[in-house]
Amino acid sequence: MATARPGWSRRAQYGLFFSFLAVIGGIIVGLILLALSLVAPKTFENVRGAALDITGPVASALHEVTATASGLVTGAGDYWDAARQNGELKRERRALLQRMVEAKAIIQENQQLKATLQLRQRNQDTIAVGRIVGSSFNSPRRFAILSVGSSAGVQVGMPVRSADGLVGRIIDAGSLSSRILLVSDRANIVPARLLRGGIPVISQGRGDGTLDVRPLEVGRNPFRRGDVIITSGTGGLYPPLVPIARVVKLDDDGAVAIPLADPANISFAIVEPAFEPQAGADEATAGPDAP
Amino acid sequence: MVRAALAPPRRIGQGPTRFRMLVPAATVVAASLLSALPIVSTSGWYPDFGYMVLISWRLLRADPWPAWWAAPLGLVNDLFTGYPIGFSIALWSATMLALDLIDRRTMWRDYWIEWILAAVFLTIDQVLQWRVAALVGAKVPFSSMLPPIIISICVFPLSAWLISRLDGWRLGR
């Protein structure tokens, strides 16, 4: 269909014409599907889940290979300066033991206080534990692929965290793997507060692995370098008191922060139930910011 | 015809591959599948492999596949890369149409023109991705789209070279 006029053959001319029509049809179908997936993101949930089930296990298998290879390299490196590391670890252990005793005392005190206040502690169960095996490395959005899916109980809208901090939330769930909207995605807005002082702030991804944090009240910039941001639990989607990020740079009305849980380095990601089940249900039906 | 006569004699048993009609489309699907690689990146600077291989084939040959195949190939890319469904379908079909129209206008082709064409299409791809992301609430500053644009333009010659080698193998040359 490259040449303008494929000779005198009527058949060839019609063929050219119909192939043009087919391409234009393809464009129209594509635009309709695009509009559908932008307006009603849940339309293609099943198809996307099925596609995830094809790529997810492949990514998991490849991830095992690369993890083993890089483990061998870092393992060799650890042997290289074992003596120095040993000394360092011993020092750290002594410091940690001291901190642990302090923490135990605090926990006891906390329990007593809670008992007096008659606060009921919500039981946060773990739904599933998986590995982050891939990411949207060729798109302005920040998604990651998690190696567990709905067969392990994962559902759209559930928060994902690691030992270090908040990772994001589930937006697509196949039966074997699922897709996470990372906290560093521009469309992921997390209600949070400053660990120091508890000033309420809003955290929003910047699309490049960092976060924008802004105070809810306009005025004085409450941030300092090194401040830790934790979730506030407002909105009910994310559980409260999960660390999110550390402030690294101040700007005029907020700050730039780096997530504490680096998706490239965390070994396990924990899927938890939505903090208030109602919020998770809303997310599943409305989903204004799913892709 | 003349070129074939001037070519060195073929080795016995060397000829077009059995699945030569399917090889181009299969490579595009394989390139889309590259998004299953276990790369966990926080920047998103990698090129859009599927689209790059698609335009590499289309710039090399006018008919690597029937033009309407661009739509199903785009659907496969959307599913594997996690783009909103319909994005690659529309973009890839439009690219096929645009390149057909460009083929009618260009008097001559050389490497630089192909690279410039590819650069234009890859830029359009990234800008549209940026627009679509902004539509669903992920409005990142445009400056963060410049690195992926530059990287994909620089990687294109590699892809074009690979595809031309593959084309030689496919046709048994």
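**Reading the fold and the interface**

Reply: Along its sequence, chain B has the pattern α-α-α-α-α-α-α. The model is predicted, with local features requiring pLDDT of at least 70 and side-chain atom pairs pLDDT 80 or more, while totals for chains, interfaces and linings use all residues. Residues are numbered from 1 along each chain as its sequence is written, and chains are lettered from A and ligands numbered from 1 in the order in which they are written.

Me: How many helices and strands does chain B have?

Reply: Helices (H or I, at least four residues) and strands (E, at least two) are DSSP runs, numbered from the N terminus. Chain B has seven helices and zero strands.

Me: Why is chain B described as being as compact as a globular protein of its length?

Reply: The radius of gyration is taken over C-alpha atoms, and the globule rule is 2.2 Å times the number of residues to the power 0.38. For the 173 residues of chain B the rule gives 16 Å; the radius of gyration is 17 Å, close to that value, so chain B is as compact as a globular protein of that length. Its C-alpha trace spans about 60 × 35 × 25 Å along the principal axes.

Me: What percentage of chain B is buried?

Reply: A residue is buried if 20 or more other C-beta atoms, placed from the backbone, lie within 10 Å of its own. Buried residues form 44% of the 173 in chain B.

Me: At what angle do α1(A) and α4(B) pack?

Reply: Two packed helices are described by the angle between their axes and the distance between the axes. Axes are lines fitted to C-alpha atoms, for helices over the stretch in contact, and angles run from 0 to 180 degrees between N-to-C directions. The angle between α1(A) and α4(B) (residues 70-81) is about 30°, and their axes are 9 Å apart. The two helices are therefore roughly parallel (under 35 degrees).

Me: Which residues meet there?

Reply: Val23(A), Gly26(A), Val29(A) and Gly30(A) of α1(A) meet Ala70(B), Ala71(B) and Gly74(B) of α4(B). Four of these residues are nonpolar, three are polar and none is charged.

Key: Buried ≥ 20, exposed ≤ 12 C-beta atoms within 10 Å, placed from the backbone. Parallel < 35°, antiparallel > 145°, perpendicular 65-115°, else oblique. Contact = placed C-beta atoms within 7 Å. Nonpolar A, V, L, I, M, F, W, Y, C, P; charged D, E, K, R; others polar.
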